[in-house]
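Subject: Structure handover

Hello,

I am passing on the structure we talked about. Please have it open while you read; the notes on what was found in it come after it.

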Amino acid sequence: MTGYIIRRLATAVIVVLGVAAIIFALLHWLAPTPAYDVLGAKAQPAAVASWDKLHGYDRPEIEQFFSYLNKLLHLNFGYSYKLDQSVSALIKENAGRSAYLTGAALVLSLIIAIPLGIMQAVRRNTIEDYTFTTLNFVLYSMPSFFLGLILIQFLALDWGIFPPTVSDSITSAWQAFTHPMQLTLPIVTLAAINVASFSRYMRSSALDNLAQDYIRLARAKGLSERAVLSRHLLRNACLPMITLVGLSIPTLLAGNLLTEYLFNYPGLGLLFYTALGNLDYNVLLAYVIVGAILTVLGNLIADIAVAAADPRVRLD
Amino acid sequence: MTDPAAPLIEGLGDITGLSMAGPDGGEVQVIASGWKLALREFFDNKLAVLGLAVIVLFVLFCFIGPLIHPSNQSLVNPLNSDQAPGGGHALGTDENGFDELGRIMLGGQTALEIGFFSAAIATVIGTLWGAIAGLAGGIVDGIMMRIVDILLSIPLLFIVLVLATKYSGTVFKLSLLIGLWAWTIPSRLVRGEVLTLRERDFISAARVMGATRRRIVLRHLIPNALSVVIVNVTFQVADAILILAYIGFLGFGLQFPATSWGDMLGGAQNYVTEGYWWLVYPVGGCLVALVLATNLVGDALRDAFDVRLRRRQPGPRRCLLCSRSTTSRLRSSCRGPPSRRSVTSASASTPTRPSGWSGSRAAASRCSGSRSSACCPTAVTSSRARSSSAAASSSDCRRPSCGDCAATRWL
């Protein structure tokens, strides 16, 4: 187990280094020097050259790459000249709100998807099963912003239950938590995408387990159906969900971007969107690398968690 | 075919050596090539045919439609903007005064073009990359697949958006942008397929018979790995159309007056607030319908190509447990393992094949209701196959769930 973790960690480090190299290359290609942002778009070439020399942008690429890596290690993601703030400060400022939105959506989708999947497996090939499977498949094929638009149309504009966009007064994750009405629509939008894929996996995982001998044994012992499902089936059927949650991080980040844009909720996604408009490549590529690191971490943690939770998984 | 117990008896004969009538598992009649069998299997699936029909309809609608319903899509006409449906505009007009129905056709053209073109790019690169890695093996394979790992961990939507700030605007550029970042999944699938195929007996047999390396690759490896590729193409198309919609919605899609469905939904928040429903729901509906249809076709293709799920001969199939014949149209009388539920309620009888994609996808969908090894021989292999890998190799995986290739969604 320890050996496995060490090996996985080493792979993860290599992958992150590779990602950093790609991001550095892109940064270098898309925005070789921030001099024009600082000195203005019409700066004289001589002024740009001297600015580059002063700030080390004239060094060989490989040297710049190592100083970039060194900065990354110290969680220094560069400086946003457009917003006149360091990127790490911007990320730190917005991360809490995004984490709340994404975390709440993830929890909500699990709370819905796990019982739904088990229900579908138990009542397999009935009307309910077909209905939910169809619904899931439609949701799966639906861009998240379109679902958000439908929710805004009906729940916000037609029936007026929730506000169509998040109010500007929500400035922290805590405020978002204490004003649940404000964030209901974004959270539901983000959760719905995941429910679609999670419950499909959950259904098939529950189907696999329902056919196993231990379920038959539990029933033969005379346990109630409720006890069989909640005590025996649930824990085993949830094992693949651990991996799935670890793998859903890119989806969550993408959903986060679209939901925050749609509902105008200030988080990392909206920060990214603003940076897209500003061509603020330091912010953009910093967020991409954060996303990649989160993805790698998610896979790593999920793999280790599965190994810890499932004694049948042999690591070698 | 007449004696219901024939397969069992033949199977016994094989074990005891009394009969050499055929391989265990029943009589195999070679009646068609694998491709024909797969095609028949595909067209047996009603949802797949529906999906295919929807795609064909969309192609006709988008490319032939403008000939039947010509509309001005280049000259902005502010006097005619945001008209409700009616009066010569079946779906009203948008904020530039363009006919919305004609606009949907135009947006559909680009969505289809970019979807197929970027899928083609991703598939060609991914197939070559994966095949070379799988065939080369060793350190070359290691390096090539680590590169894939690195690219896979970069969230696709984000990197494409970053590049779209500079390289966007035309169908060609957007296809290239999506295709060049989306080839990692097919490369992993093809590599996995090549690795397993390399060790298969028929390849060894060909080698022993003196086939050249070139013949083995061209005649044996590629045709056998092709099914994985074909299945993946459909999912690539669906995902590319979705990514394009996201890019367009965020405002980094095609250059005006060219448009895609995502671009058309770019101002949708305002349309919804203003009550311009005709600018939101027809486009969104088309988007969902096309992606849904493509996903349906992909799911059906995967089932059709999955040899383990395939019927060996046309006509009734029979359950190995009770030897009762079934047809694909009828619910099976096989009840799976005697569970408590099936004893107490007759309604728990499990069809051999769930209608359409609702069953377990990747494996054993013939008998997905019970997934019992007693009823369905493929169920055993499928549930055992995913042991050590911590990947999400659930049998409900959207793509063929290679134990190595964990990623199933890659936005």
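Chain A has 15 helices and two strands. Please keep in mind that this is a predicted model. Along its principal axes, the C-alpha atoms of chain A fill a box of roughly 85 × 55 × 30 Å. The chain has 316 residues, and 44% of them are buried. Of the contacts in chain A with a separation of 6 or more, 71% are between residues 24 or more positions apart.

The nonpolar core

The largest nonpolar core holds 177 residues, and the members that touch the most others are A:V288 and B:V160. Helix α11 of chain B, residues 213-249, gives this core its largest share, with 18 residues. Leaving out residues up to four places away in sequence, B:V160 touches B:L177, B:I178, B:W181, B:I243 and B:I247.

Two helix pairs

Two packed helices are described by the angle between their axes and the distance between the axes. There is one pair to look at in each chain.

In chain A, the pair is helix α7 (residues 144-158) and helix α9 (residues 180-210), whose axes come within 9 Å and cross at roughly 140 degrees. Because of that angle, α7(A) is oblique to α9(A). The crossing of α7(A) and α9(A) is right-handed. On the α7(A) side the contact is made by A:S144, A:L147, A:G148, A:L151, A:I152, A:L155 and A:A156, and on the α9(A) side by A:L185, A:V188, A:T189, A:A192 and A:I193. Nine residues of this contact are nonpolar, three are polar and none is charged.

In chain B, helix α2 (residues 34-44) meets helix α14 (residues 281-305); their axes come within 8 Å and cross at roughly 135 degrees. That angle makes α2(B) oblique to α14(B). This crossing, of α2(B) and α14(B), is right-handed. Helix α2(B) brings B:A38, B:E41 and B:F42 to the contact, while α14(B) brings B:A300, B:L301, B:D303, B:A304 and B:F305. Here the contact residues divide into six nonpolar and two charged, with no polar ones.

Backbone details

Most residues other than glycine have a negative phi, and most peptide bonds are trans.

A:D84 is not a glycine, yet its phi is positive, near 55 degrees. This residue is in the loop between β1 (79-80) and β2 (85-86) of chain A. A:D84 counts as exposed because it has 8 C-beta neighbours inside 10 Å, and the cut-off for exposed is 12 or fewer.

A:N125 also has a positive phi, about 60 degrees, and is not a glycine. Its loop lies between α5 (87-122) and α6 (127-140) of chain A. Is A:N125 buried or exposed? A:N125 has 21 C-beta neighbours inside 10 Å, so it counts as buried; the cut-off for buried is 20 or more.

B:P257 sits in the loop between α11 and α12 (261-264) of chain B.

Regards

Definitions and conventions
Residues are numbered from 1 along each chain as its sequence is written. Chains are lettered from A and ligands numbered from 1 in the order in which they are written. This is a predicted model: local features need pLDDT of at least 70, side-chain atom pairs count only at pLDDT 80 or more; totals for chains, interfaces and linings use all residues. Axes are lines fitted to C-alpha atoms, for helices over the stretch in contact, and angles run from 0 to 180 degrees between N-to-C directions. Helices (H or I, at least four residues) and strands (E, at least two) are DSSP runs, numbered from the N terminus. Angles under 35 degrees count as roughly parallel, over 145 as roughly antiparallel, 65 to 115 as roughly perpendicular and the rest as oblique. A crossing is left-handed if the near helix is turned anticlockwise from the far one by less than a right angle, and right-handed if clockwise. Two residues are in contact if their C-beta atoms, placed from the backbone, lie within 7 Å. Ala, Val, Leu, Ile, Met, Phe, Trp, Tyr, Cys and Pro count as nonpolar, Asp, Glu, Lys and Arg as charged, and the others, Gly among them, as polar. A nonpolar core is a set of buried Ala, Val, Leu, Ile, Met, Phe, Trp, Tyr and Cys residues joined through C-beta atoms within 7 Å.
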